[in-house]
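Thanks for coming. I will go through one structure, helix by helix, and then take a loop residue at the end.

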Amino acid sequence: MIELKNIRKSFGEKEILKDVSATMEAGKTNLIIGASGSGKTVLMKCMVGLIPVDSGQVLYNGEDFTAMDDKEKKPIRQAIGMLFQGSALFDSMTVEQNILFPLDMFSTMSYKEKRKRVQECLDRVELKDANKKYPAEISGGMKKRVGIARAIVLNPKYLFVDEPNSGLDPQTSLVIDKLIKDITVDYNITTVVNTHDMNTVMESGDHIIYMHQGKKQWEGSNEDIIFSEDKLLNDFIFASEFFQDIKEMRKMEMFRDKKWRSKGGEAPTNS
Amino acid sequence: MEFRFFYHFGRFLLMLTGMFSRPENFRMYWKEFMKQCVDIGIGSLGIVAVISTFLGAVTTVQTAYQLTSSLIPKSTIAMVVRDTMIIELAPTLICIVLGGVVGSKIASELGNMRISEQIDAQEIMGINTKAYLIGPKILAALLTIPALVVIAAFLGIFGGLEAGKLSGILSHEQFMEGLRGQFDGYNVFFALSKSYTYAFIISSVPAYYGYHVQGGALEIGKASTTAVVVSCVMILFADYALAAILL
């Protein structure tokens with residue numbers, strides 16, 4: 001579990017994160033959502049230690065990551081896998097070498113075992129016939145898969161994913177979302193996904209944190225979001241008629257599944 | 001460009017001190033060091049060979065042009081070429097060229113890695129990127145650049161020898177006679193002192209600018225240019241300082 005306590009971060013005069021406290025639940029896909037400029041990426045970079053916080057704490061299973069020096073941070077960092085927005089693959093290395101790199105650096109496995117582990121990860125992300133290709137030679141979706149494979153190669157406890165669907169077509173986005181969700185469940189890791197893609201929110205988010213202008217505006221589950229009365233959240237998530245329809249459909253599905261009463265909601269109108 | 005000397009100097013020192021940590025995996029650091037030795041050393045060998053050979057040739061021809069008195073023996077030309085190549089042209093001029101070739105490569109490579117979040121990706125893995133990405137570059141430069149300077153001095157003298165013969169200024173025998181006369185070994189020590197100093201400048205200054213790039217492709221270009229300009233100015237400043245101290 002990752003806990004954020006009163007995180008504040010400013011760049012010059014501009015305050016980006018304003019007293020953010022939240023919990024990333026263990027073994028679940030935690031989403032940080034919000035409009036562009038709401039502080040999602042800065043929050044994620046503060047969580048992994050790429051940007052130092054001005055005040056507040058980031059706790060990994062109760063250990064204060066922000067109070068550690070670089071040496072103390074190393075074991076936690078090695079338990080973190082991260083997929084960057086642009087995939088951040090090493091462009092001088094082939095796909096295989098990219099995934100092999102963390103193993104070469106930190107693992108004591110034999111070369112044969114490392115190769116086997118690389119192939120396992122490539123199979124897990126369903127990437128075929130790309131081992132010897134360079135990042136410049138593969139598509140955006142394939143780069144994301146390689147990024148995920150590299151992030152999971154050391155069996156991380158925490159997986160951070162920054163904008164997994166940026167620059168991808170809707171079909172590939174769904175595949176990547178499903179892959180992240182499946183990996184979270186299969187490996188029982190704590191996943192934090194930074195997104196403003198509503199398909200991801202509706203389909204793969206277990207626990208959702210909504211950021212608005214540097215503050216945590218709302219926090220809850222995928223189901224809670226349907227019933228939320230928060231105007232800013234509703235304006236953000238259900239801005240399009242398409243998602244309003246999905247909201248109504250979800251309500252009806254839940255009504256049908258008799259989940260409705262337990263939530264204490266009112267019967268949906270059939271307009 | 002805003003000139004903030006103490007800000008940059010302080011950050012430069014922090015970068016250097018941040019490099020000193022126990023390697024996560026010595027074999028990987030060694031591999032990176034060898035890769036940089038090939039990139040910096042072997043990669044620059046061609047341009048160094050061409051420039052130094054012609055520098056020696058031109059020095060021979062121009063020295064002969066200026067020595068008009070028949071009282072001065074022709075072998076003096078070889079002495080002038082030898083000492084000029086060893087003391088100044090091989091270390092300083094070759095390192096200024098390397099400042100452009102190697103410096104822009106280091107700055108743009110690290111800048112591109114910074115912009116495309118490759119450095120962040122390594123940080124997340126728990127790698128000390130200053131030690132892994134900058135350390136091997138500086139060490140490789142300290143190993144290969146003095147070697148290139150020595151090669152440049154030899155090739156410059158060889159160029160002078162051949163140019164003297166081809167242009168009919170002096171024979172090989174006359175050149176070899178001058179080459180052996182009044183040789184001072186301290187000049188070699190001075191040249192190597194210079195080349196180690198320049199090697200450090202050529203590798204660390206561009207690494208600093210590349211590592212701290214912020215923005216996009218335009219900023220990588222700017223950082224690369226700034227790195228080369230600052231390196232060249234620092235080489236010239238160090239050239240004067242070392243001459244004043246050591247000669």
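First, a word on helix packing: axes are lines fitted to C-alpha atoms, for helices over the stretch in contact, and angles run from 0 to 180 degrees between N-to-C directions. This is a predicted model, in which local features need pLDDT of at least 70 and side-chain atom pairs count only at pLDDT 80 or more, while totals for chains, interfaces and linings use all residues. Residues are numbered from 1 along each chain as its sequence is written, and chains are lettered from A and ligands numbered from 1 in the order in which they are written.

Chain A, then. It has 11 helices and 10 strands; helices (H or I, at least four residues) and strands (E, at least two) are DSSP runs, numbered from the N terminus. Of its 271 residues, 40% count as buried. Buried is 20 or more other C-beta atoms within 10 Å of a residue's own, exposed is 12 or fewer, and partly exposed is in between, with C-beta atoms placed from the backbone.

Now helix α3 of chain A, residues 95-106. Its buried residues are Val95(A), Asn98(A), Ile99(A), Leu100(A), Phe101(A), Pro102(A), Leu103(A) and Met105(A). What covers them? The cover includes α4 (111-124) and α5 (140-152) of chain A, and also α2 (26-66) and α4 of chain B.

α3(A) packs against α4(A) at an angle of about 120°, and the axes are 10 Å apart. The two helices are therefore oblique to each other; angles under 35 degrees count as roughly parallel, over 145 as roughly antiparallel, 65 to 115 as roughly perpendicular and the rest as oblique. Glu96(A), Ile99(A), Leu100(A) and Leu103(A) on α3(A) meet a set on α4(A) that includes Lys114(A), Arg117(A) and Val118(A). Contact here is C-beta atoms, placed from the backbone, within 7 Å. Nonpolar covers Ala, Val, Leu, Ile, Met, Phe, Trp, Tyr, Cys and Pro; charged covers Asp, Glu, Lys and Arg; the others, Gly among them, are polar.

Next, between the chains. 13 residues of chain B are in contact with 15 residues of chain A. On the chain B side, helix α4 (residues 118-125) gives the most, with 6 residues. That side of chain B divides into 5 nonpolar, 4 polar and 4 charged residues.

Within chain B, α3(B) and helix α8 (residues 217-246) pack at about 150°, with axes 8 Å apart. The residues that meet include Gly99(B), Gly100(B) and Gly103(B) from α3(B), and Ala223(B), Ser224(B) and Ala227(B) from α8(B). This contact has 10 nonpolar, 10 polar and 1 charged residues.

Leaving aside neighbours within four places in sequence, Leu43(A) is in contact with Ile7(A), Leu17(A), Val20(A), Ile32(A) and Met211(A).

Last, Lys157(A), in the loop between α5 and β7 (158-162) of chain A. Why does Lys157(A) count as partly exposed? Because it has 19 C-beta neighbours inside 10 Å. With neighbours within four places in sequence set aside, Lys157(A) is in contact with Ala79(A), Ile189(A) and Thr190(A). Lys157(A) and Lys73(A) are 84 residues apart in sequence, and 14 Å apart in space, C-alpha to C-alpha.

Technical notes:
Contact = placed C-beta atoms within 7 Å.
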